Amino acid sequence: MPRANDAVQAMLQEYADLIAIRGGDAFKARAYEKAARAVGGHPADIAGLDVKGLKEIPGVGTSVAGKIVEYLRTGHMTVVDEARDSIPAGVRELIGIPGLGPRKAMLLHRELGISSVDQLLDAIRRERLRDLKGFGERTEENILHGISLLRQPGADRILISRAMEVAEQIVAELSALPGRARCTYAGSLRRMRETIGDVDVLVASRKPDAYMEALTSMPTTTEVIAAGRKKTSVRTADGLQVDLRVLPPESWGAGLQYFTGSKAHNIRTRELAVHQGLKLSEYGLFDAESGERLASETEEEVYARLGLSWIPPALREDRGEIAAARRGELPALVTERDIRGDLHTHTDLTDGLASLEDMVAAAAARGYTYFALTDHAPDLAMQRMTAEKILAQREQVRALDRTHHGMRLLHGTELNIGPDGGLDWPDEFLAGFDLCVASVHSHFNQSRGDLTRRLVRAAENPYVSVIGHPTTRRIGKRPPIDADFDEVFAVCARTGTALEINAHPERLDLCDEDILRARQYGVKFAIDSDAHATTHLPYLRYGIGTAQRGWLTKDDVINTWPLTRLRRFLRPTKG
Ligand code: DGT
Ligand code: CA
Ligand code: CA
Ligand code: ZN
């Protein structure tokens, strides 16, 4: 079940936005935003809490707690409903444009009567925005860029984390029905693509009706798009389409293979079948002439009969996996079980939500043998970090070391790579950390040459062990920076600097294609959660999926290594 925390976080965030839109108290808006993040990051499910229990969450006062209780009881927050009603529908569409804040959207509506993206484009073309206070050519450029992001192909796809929540809930419910049929999700979600068009769920049963019925009557289903005996499609409350297919049990393997895709991979497997005088469909692999069924019950059988070893779903993109499977040379992909620790996490010393103690306890509960704390460094001015603060944290980290069944703690920091490639602290100070991650957090629009030099200089610093979220993209919100990444990868390989695979579902940075390119240079990788709350630690699975799509093995990933080998890698030995 999705936790009530997520729904409440969304509600409170929406209220904060609505306050801002209506030109309300900025302080109040920020307070709701903070409460939203606190609730979302709260480790326990808030569903059963009363006002008193809720107030124990930092940032949640009496008034917020009251609104949460109202929502938990009734599914509504009166203040949010009222605020929604006071905002013209068109303005909400404008707010959806990345980079156009609520205030500007409201102003556009009030002054120019704009209430849709098309009207806005038209107004920009006619230069009607130029007369508005606070709007210049730069603003127009930003808006146009935001609209292009909104309208780029794939903008209607959703983040893997959201699709996964929905899919896992549906699979759990269908699996629990009498008969206990085999049930799983397939499609792009099983292949761990970073965004998902729709969720494909498969069931093996000779009695489809009960499953179709169960899906259409789930509380999360808001619309039935099509209902049949072979396939039913519904839409969930948050607009996601779910396709359910019920297969005859003897066709399970063939159906799973077919509906996992990708389409490009399926085209290859079908070609391979045809060359061998066979026919491959979602029902099985058949002799083309006699029609005899040769394989269908398991995926392994189907692949084996085609002369291939079983291909992990993350590889099924027609990127050479068929040839590798034929030669028996598929990589032994890194798995979540191989991970020994997380190397990029935050606490409430900066913008994290959980205390050091809580983060460490949550890491230990995941069975890690080591764990790094990497709070932000001073150049990210908002975070108000100082040398004194981080040194005091180091003392606390040392005191907590080995207190959770021997788990070792590494004290690190996430440095900011400045516009010229400089870092927050001098080398002597960096030498005191067990681990330095360095990331770009500003000046994204520098020239290609400057951005490249910046990353290269950071990678060349002997104390930098990991480049954090290297391209800084945020899926659907911010494009990757335009650096020469081939150059960066080469330098990272030469200097022994790992590239991060940031597992936050909105980042997944490096992405699968960048990983495929980077590994050609012999670079090592770190798969990190970048957790800002204990509830973010499990995001690691999305980083693993992305690493698998980049064909990575355990050896490529430094946080699968034993601590002694990791420490050797972290030692400043670059020239
Ligand atoms: P998505 O939903 O856009 O994230 O991507 P997929 O890969 O989940 O695509 P989807 O949902 O259209 O179909 C699921 C799988 O079913 C797809 O990966 C391959 C298979 N499939 C669907 N339609 C076709 C088709 O017309 N031809 C072939 N060969 N395979 C298909
Ligand atoms: Ca799909
Ligand atoms: Ca589908
Ligand atoms: Zn960062």
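Contact, in this talk, means heavy atoms within 4.5 Å. With that in hand, take the contacts in the protein chain with a separation of 6 or more: residues 24 or more positions apart account for 67% of them.

Some ground rules. This is a predicted model, where local features need pLDDT of at least 70, side-chain atom pairs count only at pLDDT 80 or more, and totals for chains, interfaces and linings use all residues. Residues are numbered from 1 along each chain as its sequence is written, chains are lettered from A and ligands numbered from 1 in the order written, and side-chain values use heavy atoms, with hydrogens and water left out.

Overall fold. The protein chain has 24 helices and 17 strands. Those are DSSP runs, numbered from the N terminus: helices are H or I with at least four residues, strands are E with at least two. The C-alpha trace spans about 75 × 60 × 55 Å along its principal axes. Of the 575 residues, 53% count as buried. Buried means under 20% relative accessible area, exposed means over 50%, and partly exposed is in between, with a 1.4 Å probe and protein chains only.

Now the metals. Donors are N, O and S atoms within 2.8 Å of the metal, or 3.2 Å for Na, K and Ca; water is not among the atoms, so sites may look incomplete.

Asp198 is partly exposed, at 23% relative accessibility. Asp243 is buried, at 3%. Asp200 is buried too, at 10%.

Next, the calcium ion (ligand 2). Its protein donors are Asp198 (O), Asp198 (OD) and Asp200 (OD), lying 2.2 to 2.5 Å from it. Asp198 bridges this calcium ion (ligand 2) and the calcium ion (ligand 3), which lie 3.7 Å apart.

What about the zinc ion (ligand 4): which protein donors does it have? They are Glu414 (OE), His441 (NE2) and His469 (NE2), 2.0 to 2.2 Å away. The spacing along the chain is E-x26-H-x27-H. Again, distant parts of the chain are linked: Glu414 is in strand β13 (residues 408–416), while His441 is in the loop between β14 (435–439) and α20 (448–460), 27 residues apart. Glu414 is buried, with a relative accessible area of 1%.

On to helix α2 (residues 26–41). The expected span of a helix is 1.5 Å times one less than its number of residues. The 16 residues of α2 should therefore span 22 Å; the end C-alpha atoms are 23 Å apart, which agrees. Its buried residues include Ala29, Tyr32, Ala35 and Val39. What covers the buried residues of α2 includes α1 (4–21) and α4 (62–74). Asp25 caps the N-terminal end of α2, with a side-chain oxygen 2.9 Å from the backbone nitrogen of Phe27.

His42 comes next, in the loop between α2 and α3 (51–54). Is His42 buried or exposed? Buried, at 19% relative accessibility. His42 and Thr535 are 493 residues apart in sequence, yet 7.2 Å apart in space, C-alpha to C-alpha. Leaving aside neighbours within four places in sequence, His42 is in contact with Arg3, Asn5, Ile57 and Thr535.

Last stop: Arg473, in the loop between β15 (466–467) and α21 (485–495). Arg473 is buried, at 11% relative accessibility. A polar contact is a pair of N or O atoms within 3.5 Å; within protein, one must be able to donate a hydrogen and the other to accept it, and residues adjacent in sequence count only if both atoms are side-chain atoms. One such contact, of 2.8 Å, joins the side chains of Arg473 and Glu194. The Arg473 side chain also reaches the backbone oxygen of Leu508, at 2.7 Å.

That's the tour. Over to you.
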